[in-house]
Amino acid sequence: MDKKIITGIALFVAAVCVLPIIGVILAAVFGNLDTLSQLAETVLWRYTWTTVALVVLVAVGSIVIGSTTAWLVVACEFPGRRWLEVALVIPLAYPAYVLAYAYTDVLDHPGIVQSTLRSMMGWGPRDYWFPEIRSLGGAALMLTLVLYPYVYLLARAAFRMQAATPFYAARSLGATPFSAFLRVSLPMARPAIAAGTLLVVMETIADFGTVAHFSVQTFATGIYTSWFGLADRGAAAQLALGLLMFALLIAALEHINRGAAAFAPKGRREPFVRFPLGKGQALAAQIVCVLPVLLGVLIPSLTLVLMGIRSEQNIFSPRYLHFVQNSLTLASVAAIVTVAAAVFLGTFNRISPHRISLASLFIGRLGYAVPGGVIAVGLLVPFATFDNWLDARMEAWFDISTGLLITGSIWLMIAAYMIRFLAAAIGAYDSGLATVTPNIDAASRVLGRTAWGTVRDIHLAVLRPSILTALLIVFVDTIKELPATLILRPFNYDTLAVHAFRLASDERLDGAAVPSLMIAGIGLIPVILLCAQIGDWRRARA
C-alpha cells in the first residue's frame with residue numbers, strides 16, 4: 001500500500017465525514033417550509049429556549065461539581081480522599097437516560113419516595129407539593145450527574161500540573177484557601193475547564209433519550225418528531241441544521257475564548273503539597289465529593305437492580321441474546337472501522353503535512369461537535385434518495401427491485417458511528433503518535449520500508465496501547481448511542497439502547513432496567529481502566 005492509496009483512503013474518510021453536513025444543508029434549503037412555518041408558530045421557540053436553558057444548567061452544574069471536587073482531591077487532605085478521587089470518575093459510565101429511568105421509578109408520583117410520604121403523613125394526591133422529576137430541571141440534573149466527570153478529569157489534571165507558588169503567594173497575602181482557589185487556582189485552570197465544558201455542552205445538545213423520557217421539548221426531540229411523527233424529512237433537516245449551527249457556534253466561541261487563556265509556569269515548578277483540613281472542613285469536603293457518587297452511581301445502580309428483579313426477565317432468553325448480539329456486532333464493527341479511519345487520517349497527516357491533510361484531520365474531528373440525530377438525518381436523506389432512484393431505474397430497466405440497498409443495511413449506521421466518534425479515536429491515536437519521533441520514520445524509510453510498511457511494522461506495534469484505548473472508547477460510545485441508532489436502524493433491528501428506550505416509552509420501567517444495567521456494565525469497562533490509571537499515578541506520586 002503506497003502513499004497514493006493512503007492519501008485516497010484518508011480523503012475518502014474526510015468526504016464521508018463532511019457528507020452529513022452537506023446533506024443537512026441541501027435538504028434544509030430545498031425542503032418544504034410549510035411544516036417549519038407551523039413549528040415556528042407553535043413549538044420552535046420552545047425548542048430554542050429549552051435547548052439553551054438545558055445547556056446552561058448542565059454546563060454550570062458540571063463546572064461547579066467538576067472543578068470543586070477536582071480541587072478538593074488535589075489540594076486538600078481528608079479521610080477518604082484517595083478512593084473518592086477514583087470514584088468521582090465512575091458516573092461517566094452511565095448514559096443519562098439510564099439514570100432518568102431509575103430516578104423516575106424512585107421520585108415519580110407512584111414511586112417509593114412519594115408513596116412513603118403519603119403513607120406516613122396521611123396525605124392525598126393533591127395535598128402536597130413535590131418537585132417534578134419529569135421536567136427541564138430533572139433532565140438537567142440527570143445530564144449533570146453523568147457529564148461532570150469531563151470537567152473533573154481535565155480540571156484535576158490542570159490543578160495537578162499547576163505550580164504551587166502562586167497559591168502560596170496568595171495565602172501569604174492573607175487570602176483564605178477558598179479565596180485563593182477562586183482567585184488564583186481556578187482562573188489558571190480555565191482553559192482545561194473550558195475544554196471539559198465544551199464536551200459537556202456537546203453531549204447535552206446531542207442527548208435524546210433523557211429529554212424524550214422526561215417530555216422536555218428540545219431540538220433533538222423535535223428532529224425525531226418531525227421525522228417519525230410528522231413524516232417530514234425537510235422539517236427534520238431544517239431543525240437539524242439549526243442544531244448543527246448552534247453546536248458549531250458553541251465550539252467556535254469556546255475555541256476563541258480558550259485561545260486567549262494560557263497559563264504556563266516559568267522556571268522551576270514547585271510541587272503542590274496538600275494541606276490538611278479540620279474536622280468540620282473535612283466532613284464538608286467528604287459530603288461534597290460523596291454526593292455526586294451517591295446520586296450518580298449508588299442510588300441509580302441499586303434502583304435498577306431492584307427494578308430488574310421485579311421485572312423477572314430472563315437475560316439469557318433468545319430475545320435478549322439477540323439484542324446483545326446486535327449491540328456487540330454494531331459496536332465491534334464501528335470500533336474497527338473508526339480506528340482504521342483514524343489511523344489513515346493520522347498517517348496521511350504524518351507523511352504529507354500540508355493544508356489538505358490538516359483539513360482532512362480537522363473534518364475528521366468535526367464529527368464530535370455534530371449530534372447523532374443530525375448525522376443520521378444528514379446521511380439518511382441523500383442515501384434514501386439514491387436508494388429510491390436506483391430502485392426505480394432497476395425496475396424500469398431490468399424489472400428488478402433493489403429495495404433499500406444502503407438505508408436498509410447496518411452500514412449506514414456504521415458510517416454514522418464513525419463520523420460521530422472519529423474525533424475520540426483520532427485523539428487517542430495522535431496522543432500515542434506524538435511519542436514516535438520523525439527520526440524513527442526516517443530510519444524506517446532508509447531501511448527500505450514504504451509509508452504503509454512503517455505504519456504496519458512500527459507505528460501499529462508501538463501504539464498498540466493507544467489503539468486499544470481508541471477501540472474501547474468507540475466500542476462503549478456506540479453501545480450507548482441512541483438517537484442515530486433510532487433513526488438509522490433497519491426494521492426489527494433493535495439494540496440494548498433501543499430496547500430500553502422502547503420499554504421506557506411504554507412506561508415499562510422495570511423491563512427497561514435490565515438492558516439499562518447491561519449498558520451501564522459495558523460502560524464501566526473503560527472507566528475501570530481509567531480508574532486504574534489514576535490509581536497507578538497516585539501510587540507513583542506517593
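Author: Buried means under 20% relative accessible area. The model here is predicted.

Reader: Is Ile 487 buried or exposed, and in which helix does it lie?
Author: Ile 487 has 7% relative accessibility. The cut-off for buried is under 20%. So Ile 487 counts as buried, and it lies in helix 22.

Reader: Which residues does Ile 487 touch, leaving out those up to four places away in sequence?
Author: Contact means heavy atoms within 4.5 Å. Residues up to four places away in sequence are not counted. That leaves Tyr 224, Trp 227, Phe 228, Gly 373, Ala 376, Val 377 and Leu 380.

Reader: What separates the C-alpha atoms of Ile 487 and Gly 372?
Author: Along the chain, Ile 487 and Gly 372 are 115 residues apart.

Reader: Which helix gives the most to the lining of the largest cavity?
Author: The largest cavity has a volume of about 70 Å³. Its lining includes Ile 487, Tyr 224 and Gly 373. Helix 12, helix 17 and helix 22 each supply at least two residues. The most, 3 residues, come from helix 12.

Reader: How many charged residues are in the lining of the largest cavity?
Author: Sort the lining by class. There are 10 nonpolar residues and 1 polar residue. The number of charged residues is none: the lining has no charged residues.

Reader: How many cavities of 30 Å³ or more does the structure hold?
Author: A cavity is a space where a 1.4 Å probe fits but cannot get out. Counting those of 30 Å³ or more, the structure holds 4.

Reader: What is the volume of the second largest pocket, and which residues are closest to its centre?
Author: The second largest pocket has a volume of about 360 Å³. It is lined by 15 residues. Closest to its centre are Leu 380, Leu 404, Ile 487, Arg 489 and Phe 491.

Reader: Which elements give two or more residues to the lining of the second largest pocket?
Author: By class, this pocket's lining has 10 nonpolar, 3 polar and 2 charged residues. The elements that give two or more are helix 12, helix 17 and helix 22.

Reader: How far does helix 17 reach from its first C-alpha to its last?
Author: Helix 17 covers residues 372-398, which makes 27 residues. At 1.5 Å a residue, 39 Å is expected. The model comes close to that, at 37 Å.

Reader: Which residue just after helix 17 takes a positive phi?
Author: Step just past the end of helix 17. The phi there is about 55°. The residue is Asp 399.

Reader: How far apart are the end C-alpha atoms of helix 21?
Author: Helix 21 has 17 residues, so at 1.5 Å a residue it should span 24 Å. The model agrees with this. The end C-alpha atoms are apart by 25 Å.

Reader: Which backbone oxygen does the side chain of Thr 69 reach?
Author: Thr 69 is in helix 3. At 1% relative accessibility, Thr 69 counts as buried. Its side chain comes to 2.6 Å from the backbone oxygen of Ile 65.

Reader: Where does Gln 313 lie, and which residues does it touch beyond four places in sequence?
Author: Gln 313 lies in the loop between helix 14 and helix 15. Its relative accessibility is 27%, so Gln 313 counts as partly exposed. Not counting residues up to four places away, Gln 313 touches Gly 308, Tyr 320, Asp 510, Gly 511 and Val 514.

Technical notes. Residues are numbered from 1 along each chain as its sequence is written. This is a predicted model: local features need pLDDT of at least 70, side-chain atom pairs count only at pLDDT 80 or more; totals for chains, interfaces and linings use all residues. Side-chain values use heavy atoms; hydrogens and water are left out. The expected span of a helix is 1.5 Å times one less than its number of residues. Buried means under 20% relative accessible area, exposed over 50%, partly exposed in between (1.4 Å probe, protein chains only). A polar contact is a pair of N or O atoms within 3.5 Å; within protein, one must be able to donate a hydrogen and the other to accept it, and residues adjacent in sequence count only if both atoms are side-chain atoms. On a 1 Å grid over the protein atoms alone, a cavity is a set of points where a 1.4 Å probe fits but cannot get out, and a pocket is an open set with protein on both sides within 12 Å along at least five of seven lines; lining residues have an atom within 4 Å of a point. Grid points are joined across faces, edges and corners, and a volume is the space filled by probe spheres set on the points. Ala, Val, Leu, Ile, Met, Phe, Trp, Tyr, Cys and Pro count as nonpolar, Asp, Glu, Lys and Arg as charged, and the others, Gly among them, as polar.
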